Amino acid sequence: ARIHQLSHIVRGTYEPSACISYLNYGERVQLVFPPTMTIIKNLSVHEVPFNQKSDIDGEKISQSVDIQVSGFKWLKNVPVDIGRRFLDLNPLNKDVVRKIENDWRIRNAFELLLEVSISDGGRQVSIRSPFEIINKT
């Protein structure tokens, strides 16, 4: 995963600068800024504070994310409602697509487990494979 952070101390000065960090598998990081979300209003994009009970014109806002796993099609508009669900991964490689169409066991291996929970007033999204692969060669 990639996160963007704003640092106010750069080489001994107090000029703000953006820093991109990469997280290792299973690593967590706490946000140092209030969460926001992007909305489109009157054909213009706005960043607004994220509030779990937010609504616009009385309608509940649906929270979703797009996920990309290397070698697979984008998972678009994945809802981040509290709970667990499985997501199907669709490979880009046509040979792999043919193999998973012919064997349900291989098809089941191409799934992700999405878990969404509440953490510190926000939502924590965990994505993992339900399988552990061990190379015994």
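The accessible surface of the chain comes to about 11,500 Å², and 52% of this area belongs to carbon and sulfur atoms. Accessible areas were computed with the Shrake-Rupley method and a 1.4 Å probe, and for residues only the protein chains shown count as cover. The model is predicted, so that local features need pLDDT of at least 70 and side-chain atom pairs count only at pLDDT 80 or more, while totals for chains, interfaces and linings use all residues. Residues are numbered from 1 along each chain as its sequence is written, and side-chain values use heavy atoms, with hydrogens and water left out.

Of the 137 residues of the chain, 18% count as buried (under 20% relative accessible area; exposed is over 50%, and partly exposed lies in between, with a 1.4 Å probe and protein chains only). Among contacts with a separation of 6 or more, 26% join residues 24 or more positions apart; contact means heavy atoms within 4.5 Å.

The secondary structure consists of two helices and 11 strands. Both are DSSP runs numbered from the N terminus, with at least four residues (H or I) for helices and at least two (E) for strands. From the N terminus on, the order of elements is β-β-β-β-β-β-β-β-β-α-α-β-β.

Three strands form an open antiparallel sheet in the order E9-E10-E11, where pairing requires that DSSP finds at least two bridges between two strands. Strand E9 (83-88) and strand E11 (122-128) are the edge strands, each pairing on one side only. The twist averages 25° from one strand to the next, with axes taken as lines fitted to C-alpha atoms (for helices over the stretch in contact) and angles running from 0 to 180 degrees between N-to-C directions. E9 pairs with strand E10 (residues 111-119) in the antiparallel sense over six bridges, and Arg85 stands opposite Leu114 in E10.

The largest nonpolar core has 12 residues, including Ile67, Phe72, Leu75, Leu87, Leu112 and Leu114. Such a core is a set of buried Ala, Val, Leu, Ile, Met, Phe, Trp, Tyr and Cys residues joined through side-chain atoms within 4.5 Å. E8 and E10 are the elements that give two or more residues to this core, and E10 gives the most, with three. Apart from neighbours within four places in sequence, Leu75 is in contact with Val65, Asp66, Ile67, Leu87, Asp88, Leu89 and Leu112.

Asn77 is found in strand E8 (residues 75-79). Most residues other than glycine have a negative phi. Asn77, which is not a glycine, has a positive phi of about 50°. At 57% relative accessibility, Asn77 counts as exposed.
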